[in-house]
Amino acid sequence: MEKNIAVIKGDGIGPEIIAEAIKVLRKIEKKYHHVFHLTDVLAGGAAIDATGCNLPQESIDQLLASDSVLLGAVGGPKYDDQPPANRPEKALLMIRSKLGLFANLRPAVLFPQLADASPLKESIVAQGIDFVVVRELTGGIYFGKHETNGDQAVDVMPYSVMEIERIARVAFDTAMVRRKKVCCVDKANVLDTSKLWRKVVTDVAKEYPEVSLSFMYVDNAAMQICKKPSQFDVILTENMFGDILSDEASMITGTIGTIPSSSLGETSRGMYEPIHGSAPDIAGKDQANPLGTILSVAMMLKYSFHLEQEAADIEEAVNKVLDNGYRTADMMSEGMKQVGCRTMGDLVASYIE
Ligand code: NAD
């Protein structure tokens, strides 16, 4: 397979974690005889430094010409005085919009080796945590009308059938390559948008007879994620609920350094990135945990290129490294072997063979 991948190294620890992810990608390329053409694309702080603009037109053109996008992280205190439209993080919102990325997938996977890091009780963690939050990303209350009149304010939460259908399909497609369970989270006892979600999601479910569908109110879902996370496979939800629940889901796995994410649209092109930021406090110190970025590469291979075995190889290699007791500083616990970002990347890459 031959693919063009746009790589946004970004700021802070971005270039360090991307270097390790590319090391692993190159091993996969060699092992399976694929050809991955990588193009460095400027966005965020690095783009401001080079051109004055957080997302130059040339970068947008390069992203649109790619088969998929891998991102480290953008931002940092250096850019705090930029006007809102030219802030590094704004570049990410613009990329999502330019690439039509309306779905955000965030897996909540607890590596058993890191179980101590979870704030949940041992008895709950022992049942396993392995689910994905599929969040609608470009509709709902964040994109509806916001209005303040004197002592009153209104935020509007619009959703159309088309917007719900397309995100529902992403959730069902995701469930098809997992344990075939979708739980749609809403507030259908109160919100009209949620009632529409239930109707549309029920209709889309008919196209996926192998997938079982359930519904849950968001307040209950927030409790169930803490109480019995093992019950979930794919959680499908709208933008604001997804924003909150995906953070809760990350939290119960204990470390933000290991969690990948993807943003997907109508085409197979997605943007893949770790969930954490640019960690300016540890940038340039070889201390960053590259596993979230390495696992983002696995997600890219699986969801954009349908290279499931290759993705599984990366996940297995990460598991082996953890099994063998290697930890970056953020995951460190007693009796484990502390390694830096580069060594962690080398170890994962070495297990690919
Ligand atoms: P952060 O995620 O960068 O850091 C929070 C804490 O987690 C820090 O102590 C950091 O050292 C640690 N951390 C984060 N990633 C780590 C890793 N891979 N390995 C080890 N430790 C890690 O969040 P923040 O400090 O709130 O934000 C820093 C900058 O990143 C800000 O400019 C923010 O806007 C930006 N940001 C970017 C993205 C993105 O690019 N998608 C997301 C969130 C924040």
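I count Ala, Val, Leu, Ile, Met, Phe, Trp, Tyr, Cys and Pro as nonpolar, Asp, Glu, Lys and Arg as charged, and the others, Gly among them, as polar. The model is predicted: local features need pLDDT of at least 70, side-chain atom pairs count only at pLDDT 80 or more, and totals for chains, interfaces and linings use all residues. Residues are numbered from 1 along each chain as its sequence is written, and side-chain values use heavy atoms, with hydrogens and water left out.

**Entry: the largest pocket**

I looked up pockets on a 1 Å grid over the protein atoms alone. A pocket is an open set of points where a 1.4 Å probe fits, with protein on both sides within 12 Å along at least five of seven lines. Lining residues have an atom within 4 Å of a point. A volume is the space filled by probe spheres set on the points, which are joined across faces, edges and corners.

The largest pocket holds about 710 Å³ of space. I found 27 lining residues, and E89, L92, L93, R96 and E273 are the closest to its centre. By class, this lining has 11 nonpolar, 8 polar and 8 charged residues.

Next I checked helices (DSSP H or I, at least four residues) and strands (E, at least two), numbered from the N terminus. Which element gives the most to this lining? It is α4, with 7 residues. Elements that each supply at least two residues include β3 (68–73), α4 (88–98) and β12 (270–274).

**Entry: the second largest pocket**

I read a volume of about 450 Å³ here. Of its 19 lining residues, V109, D130, R178, K302 and E315 are the closest to the centre. β4, β5 (130–136), α10 (291–304) and α11 (308–323) give two or more residues each. α10 gives the most, with 4. The lining divides into 12 nonpolar, 2 polar and 5 charged residues.

**Entry: the ligand**

How many residues surround the ligand? There are 19, and the closest are V74, E89, G277, A279 and N289. This shell has 9 nonpolar, 6 polar and 4 charged residues.

Then I looked for polar contacts, pairs of N or O atoms within 3.5 Å. A polar side-chain atom of E273 is 3.1 Å from a ligand nitrogen. A side-chain N or O atom of D281 lies 2.9 Å from a ligand oxygen. N289 uses a backbone N or O atom, 2.9 Å from a ligand nitrogen. On its own the ligand has 810 Å² of accessible area (Shrake-Rupley method, 1.4 Å probe). The protein covers 67% of that area.

Methods. A residue is near a molecule or strand if one of its heavy atoms lies within 4 Å of it. A polar contact is a pair of N or O atoms within 3.5 Å; within protein, one must be able to donate a hydrogen and the other to accept it, and residues adjacent in sequence count only if both atoms are side-chain atoms.
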